[in-house]
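Please read its points alongside the sequence and the model.

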Amino acid sequence: MTDEHGAWTTYGERLIYDNQWVKLGLADVQAPNGERWEYHVVHLARIAIGLIVDERDRVLMLWRYRFPTDQWGYELLGGLVEEGEDPADTARREVEEETGYRPVGEPEHLVSFEPLPGQVTADTAVYLWRKVEKVGEPTDTEEVGRLEWVPLSRVLEFVKRREVLGAGALVPLLYYLASRGVAAGGQDETIEPA
């Protein structure tokens, strides 16, 4: 409950589906207009993502297939935060498992966000590293895809072509580019509309 104008009131929530990855609840809510009903809410586990940018201004990404949306595209590296695990450690572990590269040094917390706050909770934290070392081959065989060092100068082009998949890649990449002034016109090359 909150006193802020326009806030909804939540009277409780009952789970109708629950496993380690996703919970589906029916929340008893009242909208600011006074209407009250049960509202579906999806709760996803916490996510941590590693953004790796090298000295040549390239980002380490996986090109892979996602069957729920029937799409091929680029994604960043990350996964579910395990019980008691620090999100930065999750991001570091996931980068190594999915790529065979180990992030070096302390990460910079880049951004945290909720990708679909209207109906989904999915606390997502993104950590930036500028150095990695090759320690082997990927060990996460579920995350099959083509590993690529993608020039940051091409990211907006891939976004426009819908080849960057999901908020877990879009938000960090666009935030990173904006923080460097690229989104405000600092990019060297112009990308023409498709």
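1. Two strands pair if DSSP finds at least two bridges between them; strands (E, at least two residues) and helices (H or I, at least four) are DSSP runs, numbered from the N terminus. The model is predicted: local features need pLDDT of at least 70 and side-chain atom pairs count only at pLDDT 80 or more, while totals for chains, interfaces and linings use all residues. Residues are numbered from 1 along each chain as its sequence is written, and side-chain values use heavy atoms, with hydrogens and water left out.

2. Ala48 stands opposite Ala125 in β11. Strands β4 (47–52) and β11 (124–129) pair in the parallel sense, over six bridges.

3. An open sheet of mixed pairing is formed by four strands in the order β7-β4-β11-β9. Because β7 (77–80) and β9 (108–113) each have a single partner strand, they stand at the edges, and one side of each is left without a neighbour in the sheet.

4. Helix α1 (87–99) lies across β4, β7 and β11, at about 120 degrees to β7. Angles run from 0 to 180 degrees between N-to-C directions, with axes fitted to C-alpha atoms, for helices over the stretch in contact. Contact means heavy atoms within 4.5 Å.

5. Asp54 lies in the loop between β4 and β5 (58–66). Asp54 counts as buried because its relative accessibility is 11%, the limit being under 20% relative accessible area (1.4 Å probe, protein chains only). Leaving aside neighbours within four places in sequence, Asp54 is in contact with Arg130 and Trp149.

Key:
Buried < 20%, exposed > 50% of the residue type's maximum accessible area, 1.4 Å probe, protein only.
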